[in-house]
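Please take a moment with the sequence and the model shown here before reading on. The paragraphs that follow go through a metal site and then through pairs of charged side chains.

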Amino acid sequence: MNSLETFLSTEEEQEVVSAIRMAEKNTSGEIRVHIERNTTEPIDSRAKFVFHALKMDNTKLENGVLIYIAVDNKKFGIYGDKGIDKKVDSTFWDKTRDVMQRHFKAGAFKTGIIEGIKSASEALEKFFPWQTDDQDELSNEISKGEV
Ligand code: CA
Ligand code: CA
């Protein structure tokens, strides 16, 4: 098995998907997690590329957030669409990153991702509250591999 298959167990993946589903009950924002083995690009530009490759800019309020992880590189990046970036200050992303980093350093990847989802959704809730006509605009499943 390669590192993509062993990074999270099936159960852990389901917990992450549940965390996304729960987070999206409080906000119209859309959160996704993408993992791949490695990248030679700077992590933030790769996260941005993957965001667009996954068509995550396809939300009405431009409020998609991608958590991107390069497993073999032991690196991750968070990319939020224009709608969010306009509202939050830069410390918001730092806070989410720090929370994840702390758990990742301890090897607690699932917990790190889930805590990152919670942190991101706190800001999303504030600026993009859930609406009665909410749609699940982007899949909650974890996507994997090269895009
Ligand atoms: Ca939604
Ligand atoms: Ca979703």
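## A metal site and its charged neighbours

At a relative accessibility of 7%, Glu24 counts as buried, because the limit for that class is under 20%. The model in which this value was computed is a predicted one.

For comparison, the ideal angles for six octahedral donors are 90 or 180 degrees. Leu138, with a relative accessibility of 6%, counts as buried. Glu30, in turn, forms a bridge between the calcium ion (ligand 2) and the calcium ion (ligand 1), and these two ions lie 5.5 Å apart.

Turning to the charged side chains, side chains of opposite charge can pair when their charged atoms come close. In this model the count comes to 9 salt bridges. One of them joins the side chains of Glu13 and Lys144 at 2.6 Å, N to O. Glu13 belongs to helix α2 and Lys144 to strand β4, so this pair ties together parts that are 131 residues apart in sequence. Glu13 is buried, at a relative accessible area of 16%, whereas Lys144 counts as partly exposed at 39%.

Another salt bridge is formed by the side chains of Arg37 and Asp72, at 3.5 Å from N to O. This pair, too, links distant parts of the chain, with Arg37 in the loop between β1 and α3 (43–53) and Asp72 in the loop between β2 (64–70) and β3 (75–80), 35 residues apart. Arg37 is partly exposed at 38%, and Asp72 counts as partly exposed at 36%.

Within helix α6, Glu115 and Lys118 are 3 residues apart, which means that about one helical turn separates them, and their side chains meet in a salt bridge of 3.5 Å, N to O. Glu115 is partly exposed, with a relative accessible area of 26%, and Lys118 is partly exposed, with 44%. Finally, Glu36, Glu41 and Arg46 are joined into one network by salt bridges that share partners.

Note on methods. Residues numbered from 1 in each chain as written. Chains lettered and ligands numbered in written order. Predicted model: local features only at pLDDT ≥ 70, side-chain atom pairs only at ≥ 80, totals over all residues. Heavy atoms only, no water. Donors = N, O, S within 2.8 Å, 3.2 Å for Na, K, Ca; no water. Buried < 20%, exposed > 50% of the residue type's maximum accessible area, 1.4 Å probe, protein only. Salt bridge = Lys/Arg side-chain N within 4 Å of Asp/Glu carboxyl O. Helix = DSSP H or I, 4+ residues; strand = E, 2+ residues; numbered from the N terminus.
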